[in-house]
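Here is a friendly briefing to read alongside the model. Please have the sequence and the 3D view open as you go.

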Amino acid sequence: MAKNILVASGKGGAGKSTVSVFLGEALAGGKESVLILELDCGLRNLDVSLGLTDEIVFDFGDILRGSCEAKDAVYNCRFCPNLSLIPASLKPVSVSAEDIKKVVSELGKNFDYIIFDCPAGLGDIFESAASFADMALVIATPDPSSIRGARATGAKLLSLGVKERRLVIERCPEKAKNLSPINNLDEIIDGSELQLIGVIWEDAFVRKSMDCGVPLEFESPNYKTFRDLSERIRGKYIPLGIK
Ligand SMILES: Nc1ncnc2c1ncn2[C@@H]1O[C@H](COP(=O)(O)OP(=O)(O)O)[C@@H](O)[C@H]1O
Ligand SMILES: [Mg+2]
């Protein structure tokens, strides 16, 4: 059965979808197969990032309505064949734990990982997905409100029974002085009350790849970062490489 990884944050725009896509690509770069379940219903985006815009017929909303089987809404990424997507519905919908169960139980045997790309905040979709999460990545950018959101998200996940929770710091400037008003990364780790598993750099390659539906270029400072993150998810010890 797949390992289900929930990607969440308190605030919107923290980088959940970005981490979902590039972690997915990195995990799928080996022999393992990865499904991203895009749960930001009403704000579908990942079909663009995975170069699938012209191919989508069914989405998560169709699965919920019973208009198709879960497998009919799975689309393979052209440039990363082991990576698949169930696109979010174009319209907002509410999602119960039973709805998530349907996807996980029908498709879990076909994938090594299912990544739940959650909407921002701690709403019903987040809670429903958390019921089936084996681990969670909580995304925070280096700003006080995002850190506070990460702490609330981590605490809520724990109350929902998700014990394995890790912090990913997103959009980190390479120069420490640009972190202001935060003094250092320790402040983010302490403030979130979560264990750090990866730091993603602010990077124009990331935006280009997400917006144009092309793979992350090797020149990106995050190419290795996401591969290291994927190895840590697999349980390997890879030093964080930050002071
Ligand atoms: N490391 C990064 N470097 C540069 N831009 C980034 C980075 N991570 C995310 N972004 C940009 O920030 C915006 C929000 O990211 P996104 O992943 O959509 O956030 P969320 O899913 O949490 O709402 C997008 O325009 C994305 O391209
Ligand atoms: Mg998103």
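**Aromatic pairs, ligand shell and backbone**

Searching the whole structure turns up two aromatic pairs (ring centres of Phe, Tyr or the six-membered ring of Trp within 6.5 Å; planes under 30 degrees apart are stacked, over 60 edge-to-face, the rest tilted). This is a predicted model, in which local features need pLDDT of at least 70 and side-chain atom pairs pLDDT 80 or more, while totals for chains, interfaces and linings use all residues. Residues are numbered from 1 along each chain as written, chains are lettered from A and ligands numbered from 1 in written order, and side-chain values use heavy atoms, without hydrogens or water.

**Aromatic pair**

- Phe-22 and Phe-226 make a tilted pair, with 5.3 Å between centres and 40° between planes.
- Because Phe-22 belongs to helix H1 and Phe-226 to helix H9 (residues 222–233), the pair ties together parts 204 residues apart in sequence; helices (H or I, at least four residues) and strands (E, at least two) are DSSP runs numbered from the N terminus.

**Around ligand 1**

- Ligand 1 is surrounded by 14 residues (a heavy atom within 4 Å), and the closest are Gly-13, Lys-16, Thr-18, Glu-170 and Arg-171.
- Helix H1 (16–28), strand E7 (165–172), strand E8 (195–201) and helix H8 (204–212) each give at least two residues to this shell, and H1 has the largest share with three.
- The shell counts six charged, four polar and four nonpolar residues (Asp, Glu, Lys and Arg are charged; Ala, Val, Leu, Ile, Met, Phe, Trp, Tyr, Cys and Pro nonpolar; the others, including Gly, polar).

- A polar side-chain atom of Glu-170 is 2.8 Å from a nitrogen atom of ligand 1.
- A polar side-chain atom of Arg-171 is 2.8 Å from an oxygen atom of ligand 1.
- A backbone N or O atom of Ser-17 is 2.9 Å from an oxygen atom of ligand 1.

**Backbone points to check**

- Arg-171 lies in strand E7 and has a positive phi of about 55°, although it is not a glycine.
- The Ser-180 to Pro-181 peptide bond is cis, with omega near 10°.
- Pro-181 is placed in the loop between E7 and helix H7 (185–192).
- Most residues other than glycine have a negative phi, and most peptide bonds are trans.

Methods. A polar contact is a pair of N or O atoms within 3.5 Å; within protein, one must be able to donate a hydrogen and the other to accept it, and residues adjacent in sequence count only if both atoms are side-chain atoms.
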